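User: I have a structure open and would like to talk through its inside, starting with how its elements are named. Can we take it step by step?

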Amino acid sequence: MVLPSKVKTGHLDDIQELRRVQPSVVPERYVRKNDEQPAQSMVCTSLEVPVINMQNLEGDCGYQELARLTAACQDWGFFQVMNHGIEEGLLDAMEAVAREFFMLPLEEKEKYPLAPGTIQGYGHAFVFSEEQKLDWCNMLALGVEPAFIRNPKLWPTKPENFSETLELYSAKVRSLCQKLLAHIAHTLGISSDTFNQMFGEAVQAVRINYYPPCARPDLVLGLSSHSDGSAITVLQQDTACVGLQVLKDDTWVPVNPLPHALVINIGDTLEVLTNGKYKSVEHRAVTNQDRERLSIVTFYAPSYDVLLGPLPELVTQNEPTKYKTYNHGEYSRHYVTNRLQGKKTLEFAKIPTIN
């Protein structure tokens, strides 16, 4: 995927270095407008995103857990999964090598630069202008599958076991995504292999986010509010502090980390395929004054050459077609060449309503 390279981003601080040199300083470019500041947001800590026990989906009482999964997809677009089949030791190992990478000296991390207008490497992503407000986050983004989307020069050689661990981890997450899509298809009353057959050689990418402590967490965002362009997203978050928040009924709901659970969310692609029955959901990350936070995010989506549109089985007289048919590569390009801004990128796929 060729992206525009002549993007003027202005000066981009490395957040860890900024924090190390001036721990009490938050540059103006990171201070959000009033309506985006966490301190000005409605937050509800009494709600919890649903938790799905994947082991129960396979058991004799699977219909009960399937009903919970249906409700989670329809009412939330976000849920956590436990007993998902990925070994706790591998989850711990992936978190350890990710954290070790971010603790390396800056000159080592800068060997893998995320160049302006591109989507892989170490640095700031989704920055397209000098005036744009920035996220309080360092990230490492890598293409994983298929092989042609990889940029081997951007895969870190330190820690020494980084690539090997990421390969093992990504294979397990890929298998989990395929299982989840089969169960989600089942909740829709369609063949369980519908999505996995349609997706072809599915695209898989990983983004590792490191959020240093911030002197003014009330003014900044770790990651801007957005929905994901994927079909589904799998997030592993450490348990140091709560950072991920999900927008539900105009209120932000924190996603409390559960040890060795994984957070799943519906992406724009699945919203289109289900004709809006299951919707992608805005989410964001906030920062903490005293604690760092790490998350490992896997995006799973159809092959770039797949044509996407609402499945005919999910279009009815009462639920007419809400989204156009388009090439997935075309939408992916649209998504990664725009800044994160709520669900604005999905307007690309919507059929305008006639009043």
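Analyst: Helices and strands here are DSSP runs numbered from the N terminus, a strand needing at least two residues, and in that numbering Q237 lies in strand β7. Please keep in mind that this is a predicted model.

User: OK, is Q237 buried or exposed?

Analyst: Q237 has a relative accessible area of 7%, and because buried means under 20%, Q237 counts as buried.

User: And what does the side chain of Q237 contact?

Analyst: The side chains of Q237 and R293 are joined by a polar contact of 3.0 Å.

User: What about D268, where does it lie?

Analyst: D268 lies in helix α8, which covers residues 268-273. Its relative accessible area is 0%, so D268 is buried, and its side chain makes a polar contact of 2.9 Å with the side chain of S227.

User: Which residues lie nearest the centre of the largest cavity?

Analyst: Of the 19 residues that line the largest cavity, L223, L235, L244, H283 and V297 lie nearest its centre. The elements that each give two or more residues to this lining are β5 (203-211), β6 (223-226), β7 (232-237), β10 (262-266), β11 (283-285) and β12 (293-301).

User: Which element gives the largest share of that lining?

Analyst: That is β12, which contributes 4 residues to the lining of the largest cavity.

User: What is the lining like by class?

Analyst: The lining of the largest cavity has 9 nonpolar residues, together with 6 polar and 4 charged ones.

User: Now the aromatics. How many aromatic pairs are there?

Analyst: The structure holds 10 aromatic pairs. One of them is formed by F102 and Y122, whose rings are tilted, with 6.1 Å from centre to centre and 50° between the planes. This pair links distant parts of the chain, since F102 belongs to helix α4 (residues 88-102) and Y122 to strand β3 (residues 121-123), and the two are 20 residues apart.

User: Why do those two count as buried?

Analyst: F102 counts as buried because its relative accessibility is 0%, where the cut-off for buried is under 20%. Y122 also counts as buried, because its relative accessibility is 5%.

User: Which residues form one aromatic cluster?

Analyst: F101, F102, Y112, Y122, F162 and Y210 form one aromatic cluster, so the tilted pair of F102 and Y122 described above has both of its members listed there.

User: Last topic, charges over rings. What sits over the ring of W76?

Analyst: The charged end of K248 sits over the W76 ring, 4.8 Å from the ring centre. Elsewhere, R284 lies over the face of W252, at 4.2 Å from the centre of that ring.

Notes. Residues are numbered from 1 along each chain as its sequence is written. This is a predicted model: local features need pLDDT of at least 70, side-chain atom pairs count only at pLDDT 80 or more; totals for chains, interfaces and linings use all residues. Side-chain values use heavy atoms; hydrogens and water are left out. On a 1 Å grid over the protein atoms alone, a cavity is a set of points where a 1.4 Å probe fits but cannot get out, and a pocket is an open set with protein on both sides within 12 Å along at least five of seven lines; lining residues have an atom within 4 Å of a point. Ala, Val, Leu, Ile, Met, Phe, Trp, Tyr, Cys and Pro count as nonpolar, Asp, Glu, Lys and Arg as charged, and the others, Gly among them, as polar. Rings of Phe, Tyr and Trp (its six-membered ring) pair if their centres lie within 6.5 Å; planes under 30 degrees apart count as stacked, over 60 as edge-to-face and the rest as tilted. Buried means under 20% relative accessible area, exposed over 50%, partly exposed in between (1.4 Å probe, protein chains only). A charge sits over a ring if NZ of Lys or CZ of Arg is within 6 Å of the ring centre and within 35 degrees of the ring normal. A polar contact is a pair of N or O atoms within 3.5 Å; within protein, one must be able to donate a hydrogen and the other to accept it, and residues adjacent in sequence count only if both atoms are side-chain atoms.
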